There are 2 protein chains.
Amino acid sequence: MKEKEQKILDASLNLFVDKGFHGTSTAKIAENAGVATGTLFHYFKTKEELINCLYLSTKESMLNEINDNYDNKKDIKENLKNLWLKSVKFCTKNPQKFQFILIFQYSPYITSLTKKQIETQTECMIETYIKGIEKHEIKEISFEFAMDYFWGNITSTVNYFRKHPEELNEKTLDQVFELFWDGIST
Amino acid sequence: MKEKEQKILDASLNLFVDKGFHGTSTAKIAENAGVATGTLFHYFKTKEELINCLYLSTKESMLNEINDNYDNKKDIKENLKNLWLKSVKFCTKNPQKFQFILIFQYSPYITSLTKKQIETQTECMIETYIKGIEKHEIKEISFEFAMDYFWGNITSTVNYFRKHPEELNEKTLDQVFELFWDGIST
DNA sequence: TATTTATTAGATTGATTAGTCAATTTATTA
DNA sequence: TAATAAATTGACTAATCAATCTAATAAATA
């Protein structure tokens, strides 16, 4: 009955975002999931393993959405804009998942998962980056920095829209993307 | 003997960054500070108060350094570059403080301190922003978004240099600032 | 000097925690 | 159907936690 595993993950996401990792007891997670504590530890050996599993599944759901509808025949700016828009939209539509990724990323006590695994990149992004460099349309920066710049921009953009939801419309999104593009383009 | 208070704050900073808020017990803080637990609770009524005090003192030390040597007679780009450089340098020179500000900012269980208080801005930044808008040198965006864009850029820049310390030199800093400037300037 | 006040100590407390375990139910297979 | 395996339960435990309390000491004041 894998549905219980999913219910545990769902309950965890909401509790971790509201109360933090250590502020959320395994007993509370089990209660919210409608499950006994023993069941929780049947599916996840430790609390830490649960947190890591939740991170991986959350990241996966985000990447799946971002990779969707990618068309490598379009030009570089359009491809990048689509990746950027899909990222912003995923994060604003899934505030809990977005917040969880943030707190996980900066959380000091999740050491078991290698930091490498945390880096979020997709084939589409690598392809767009390489083409952008080849055609001299984006600045000559390393892929690693381009990624940090991209996610840093997504984070601050989404954080801004979270504080000012009335600004979230196509026109503002276009403006903010132009700001990002003006930075990274040659 | 206010030195004990400072020792408690110092020990807290290191432990919180290494082990997280809940991963760090008050007993451990007292031990690392060379102080009894009773002393800790003499200076800080609760653990939460200690965390908030540490955040305020950490933020203050950062803002002091950023505001230093500000010269409003220089032109906008130069002023902004100085603010940007001083921010990046403070964060790379004080990785513990930088990391603490990050984990505090995204921490869900610190609710007592209003979110407004968290926003980091200085007189210099407001002045530079206003002049930039007036002279049409920076794009017509709100101050709030400009701030989010600024700190998002600092964060991704410092995170990048943390992973690639060999890249931390004046030339790269100039390049990365140009990327930031190209985004925000008209 | 005598008295009060601030500081420091650490053992103690009651609550909470992650994780266990033996017992029971449900699903699978032979 | 019978036997085995997997899933589920929740009471339980040993450890750990933030915070308290009493007592002792140092500093300030009169």
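Q: In this predicted model, what distance separates the centres of domain 1 of chain A and domain 2 of chain A?
A: Chain A is divided into domain 1, residues 1-44, and domain 2, residues 47-184. Taken over C-alpha atoms, the centres of domain 1 of chain A and domain 2 of chain A are separated by 27 Å.

Q: How many residues of domain 2 of chain A are in contact with domain 1 of chain A, and which residues of domain 1 lose the most area?
A: The contact joins 16 residues of domain 1 of chain A to 14 residues of domain 2 of chain A. Between them the two domains bury about 1,500 Å², with 78% of it on carbon and sulfur atoms. On the side of domain 1 of chain A, 43% of the buried area comes together from the residues that lose the most to domain 2, namely Leu13(A), Phe21(A) and Phe44(A).

Q: How many salt bridges does the rule find across the interface of domain 1 of chain A and domain 2 of chain A?
A: By class, the side of domain 1 of chain A that touches domain 2 of chain A has 11 nonpolar, five polar and no charged residues. A salt bridge needs a Lys or Arg nitrogen within 4 Å of an Asp or Glu carboxyl oxygen, and Asp, Glu, Lys and Arg are the residues that count as charged. Polar contacts between the two domains number three residue pairs, whereas the count of salt bridges is zero.

Q: Which element gives the most residues to the side of domain 1 of chain A that touches domain 2 of chain A?
A: The elements giving two or more residues to this side of domain 1 of chain A are α1 (2-19), α2 (26-33) and α3 (37-43) of chain A. With seven residues, the one that gives the most is α1(A).

Q: What is the area buried between chain A and chain B?
A: In this pairing, 36 residues of chain A are in contact with 36 residues of chain B. Tyr106(A), Phe145(A) and Leu179(A) supply 25% of the area that chain A buries against chain B, more than any other three residues. Carbon and sulfur atoms give 64% of the total, which is about 2,900 Å².

Q: How far apart are the closest N and O atoms of the salt bridge between Asp182(A) and Lys139(B)?
A: The count between chain A and chain B is four salt bridges, alongside eight residue pairs in polar contact. For the salt bridge of Asp182(A) with Lys139(B), the closest N and O atoms are apart by 2.8 Å.

Q: Which element supplies the largest share of the side of chain A that touches chain B?
A: Elements of chain A that give two or more residues to this side are α1, α6 (95-105), α9 and α10 (170-184). The residues of the side divide into 15 nonpolar, 13 polar and eight charged. The largest share, 12 residues, comes from α9(A).

Q: Why does Asn159(A) count as buried?
A: Asn159(A) has its place in helix α9 (residues 143-163) of chain A. Beyond its neighbours within four places in sequence, Asn159(A) is in contact with Phe98(A), Leu102(A), Tyr106(B) and Asp148(B). Buried means under 20% relative accessible area, and Asn159(A) is buried because its relative accessible area is 15%.

Q: What percentage of the residues of chain A count as buried?
A: Chain A has 10 helices and zero strands. Among its contacts with a separation of 6 or more, 72% are between residues 24 or more positions apart. Of the 186 residues of chain A, the share that counts as buried is 50%.

Methods
Residues numbered from 1 in each chain as written. Chains lettered and ligands numbered in written order. Predicted model: local features only at pLDDT ≥ 70, side-chain atom pairs only at ≥ 80, totals over all residues. Heavy atoms only, no water. Domains from an automatic or database assignment. Contact = heavy atoms within 4.5 Å. Buried area = accessible area lost by both parts, 1.4 Å probe. Salt bridge = Lys/Arg side-chain N within 4 Å of Asp/Glu carboxyl O. Polar contact = N/O pair within 3.5 Å; in protein donor to acceptor, adjacent residues only side chain to side chain. Helix = DSSP H or I, 4+ residues; strand = E, 2+ residues; numbered from the N terminus. Buried < 20%, exposed > 50% of the residue type's maximum accessible area, 1.4 Å probe, protein only.
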